[in-house]
Protein chains: 2
Amino acid sequence: MDIKIVDVAARAGVSTATVSRVFNHSAGVTAKTKQRVMQAIEEMGYHPNATAKNLRSQKTLTIAVIVPDINVAYFTEIIKGIENMAYLKNYKLLICDAENQKSKELDYLNLLMNRTVDAAILIAPLLSDDEIRGISDQGYIVAVIGRYLEHKSIPCIYTDNIKFSLTVMRHLFACGHRDIVFLSGYAESMDSVERLEGYKQALQQQNLPYRPELIESGDFNELGGYDAINRLLGRGVTFSAVYAANDEMALGVYKACREHGLSIPEQVAVVGVDNNRISEYISPAMSTVNQPKYTMGIMLAEKLIDLMNDNEFADKRTFKVNSELLIRASSSFKREV
Amino acid sequence: MDIKIVDVAARAGVSTATVSRVFNHSAGVTAKTKQRVMQAIEEMGYHPNATAKNLRSQKTLTIAVIVPDINVAYFTEIIKGIENMAYLKNYKLLICDAENQKSKELDYLNLLMNRTVDAAILIAPLLSDDEIRGISDQGYIVAVIGRYLEHKSIPCIYTDNIKFSLTVMRHLFACGHRDIVFLSGYAESMDSVERLEGYKQALQQQNLPYRPELIESGDFNELGGYDAINRLLGRGVTFSAVYAANDEMALGVYKACREHGLSIPEQVAVVGVDNNRISEYISPAMSTVNQPKYTMGIMLAEKLIDLMNDNEFADKRTFKVNSELLIRASSSFKREV
DNA sequence: AACCATTATGTAATCGTTTACATTTTCTTT
DNA sequence: AAAGAAAATGTAAACGATTACATAATGGTT
């Protein structure tokens, strides 16, 4: 059904090689021939078959983006950055929603093995560092975003979870808080682990005990945050601040507090992470930790594509980006100590 | 570098045909041979090259999903549905963020022409109905979501914008509102056009005049809604209710109202569209129109894949799904008339 | 044991490009 | 105008799987 290169060649009265040369702007074609071929291409509406091209060139110009959950705004902002750079560099994006399941993540990695894609970008993966290194060592091109991973050939961009956790906690300490709830996301997620670690270190630096009863976890979504607070209150735990591992959960905290008549920030201070677009629009505006999500996507995609095209690399492959705590109304109330 | 079928064949001491048969569970292979081949496959870690397979089978098992903006939650919920069904049916998804530009949308459609994908799903496209029909008539497989489009071979799933606009307006009328602002998204978007049309019809049914000064537009995002309200107030327009074409803009309305000391819902009622997960978590909970986004994705993807595999079709290809107005606190205040 | 029917396996064409190499044409130079 | 260099074009072999068809092996029947 489709027009093939032989059809165009026949119509223009040349060989397929010449048509190919014209289409790919290769040198060594007479202006006259070129013109004739162009016309045939035009008239017949020829579109070179991408699969055949891929097979011959051993490239698909496609990148798999494996993400824990496409419904989380944090990830889509990163994806937007990746997509913009990919579009610019003529790459396509295969989107893989792992749905927070390691099995699905692994399954999607087969796209690398069977050469459906040239490379894979893992966003906040569930796979262990060693597993990821193993894939790279087998010769597959992978890049990681949102997790620190040292390896000679894995581009990686991340932010220091422990560091910003310390910043968040110091801010809460400065506001007079001592009983601070930490609301983790998926316990297996590295982000959760590291943010909790920062929470613990902060307590230690302040000579405060680590109290497991102040730790709860949700699923990185609104309902998870909401339920977590209800569980805490149900257990009779008292607290004056909540540090949630992301904004979605923090929003759930808002609702739960409202329902229990706890005013934010007077009775409960709330700090989230990720700086969702909505967090500055809600009331009270939510304090949160901002990461340059879009830029991270842009940077990583560019680095990865450069790597694939052998344009220099070795120099630098691991990038730490800064996060900044945005103090808004939800944590701006200073209490007496 | 990769292991090819010939390598496996050599190792197992059989022909490539036999290896292929074993791998694809074709009948007619001795248990003994099968076992030997399986072992070779196992030992060598053979993964059949997808590109070669695609070229031979003239299929890529890939669907392009063209979306106006990957950062809008409404779209990602639909995408999630599509992805879940695609995963189930062994299809891959190429994600295309058209960034609300028709040019980019058109560009991405080339993926159909060059057979990078077997089909394309257009979510709330900017292309005209005729343009979409034209693509289908050229023999390419397309499906549309979020827009009504009648065509013999285009699966389509949509909701009746005009109808739910009427419902929203009647609800606002019932609460005593007469000066109702309509906040449109991109003016070119069909959703905007139809929702506005419903707004107009509702006024007419109520014998109220259509007042252009009550119409503003944003870009379907928070800032757009925020700016729009500020423009209205700057112009000295008075109103008691805002019907925003989506929840993101409605959230911007929340912020603008707050800053101007207008309380929701007592002084201004707000209704959005899409039922973002956040809308029930903010305060006051936002009235909004719910669509079965996830299900729409699931249904359309299934229909499309069936179509591609020639499993019956003709019967039905256009689906209208119901939207329901969720009345929450943001529009639950009844004013005197 | 010879024959035929059945089943298992192998051979080679095919999918639609790109490109190394061979061949032909054009252009210089004398 | 002939010869040689340079440029344009063509031929055919890849890329790595699937599969129609040909062939070989097995099994059953007499």
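What you have here is a predicted model, where local features need pLDDT of at least 70 and side-chain atom pairs count only at pLDDT 80 or more, while totals for chains, interfaces and linings use all residues. Residues are numbered from 1 along each chain as its sequence is written, chains are lettered from A and ligands numbered from 1 in the order in which they are written, and side-chain values use heavy atoms, with hydrogens and water left out.

**The sheet in chain B**

Let's start with the strands. Helices (H or I, at least four residues) and strands (E, at least two) are DSSP runs, numbered from the N terminus. Two strands pair if DSSP finds at least two bridges between them. In chain B, six strands make an open sheet with mixed pairing, in the order β7-β6-β8-β9-β10-β12. Why is one side of β7 and of β12 in chain B left without a neighbour in the sheet? Both β7 (215-217) and β12 (324-326) stand at the edges with a single partner strand each, so one side of each has no neighbour there. On average, neighbouring strands are turned by 20 degrees against each other, direction ignored. Axes here are lines fitted to C-alpha atoms (for helices, over the stretch in contact), and angles run from 0 to 180 degrees between N-to-C directions.

Two helices of chain B pack on this sheet, where contact means heavy atoms within 4.5 Å. Helix α8 (residues 161-174) of chain B touches β6, β8, β9, β10 and β12, and its direction makes about 170 degrees with that of β8(B). Helix α9 (residues 190-205) of chain B touches β6, β7, β8 and β9, at about 165 degrees to the direction of β6(B).

Now zoom in on some pairs. β8(B) and β9(B) run parallel, joined by three bridges, and B:Ala241 sits opposite B:Ala269. β10(B) and β12(B) also have three bridges, but in the antiparallel sense, with B:Thr288 opposite B:Leu326.

**Around the DNA**

A residue is near a strand if one of its heavy atoms lies within 4 Å of it. DNA strand D has 25 residues around it, and A:Ser15, A:Thr33, B:Ile5, B:Ser20 and B:Arg56 come nearest. DNA strand C is surrounded by 26, the closest being A:Ile5, A:Ser20, A:Arg56, B:Ser15 and B:Thr33. Sugar and phosphate make up 67% of the atoms of DNA strand D within 4 Å of the protein; for DNA strand C the share is 66%, and the rest belong to bases.

Which element gives the largest share of each surface? For DNA strand D, α2(A) does, with four residues; for DNA strand C, α2(B) does, also with four.

Here are some polar contacts (pairs of N or O atoms within 3.5 Å; within protein, one must be able to donate a hydrogen and the other to accept it, and residues adjacent in sequence count only if both atoms are side-chain atoms).

| Residue | DNA atom | Distance |
|---|---|---|
| A:Ser15 (backbone) | phosphate oxygen, DNA strand D | 2.6 Å |
| A:Arg21 (side chain) | base nitrogen, DNA strand D | 2.8 Å |
| A:Arg56 (side chain) | base nitrogen, DNA strand D | 3.0 Å |
| A:Arg56 (side chain) | base oxygen, DNA strand C | 2.4 Å |
| B:Thr30 (side chain) | sugar or linking oxygen, DNA strand C | 2.8 Å |
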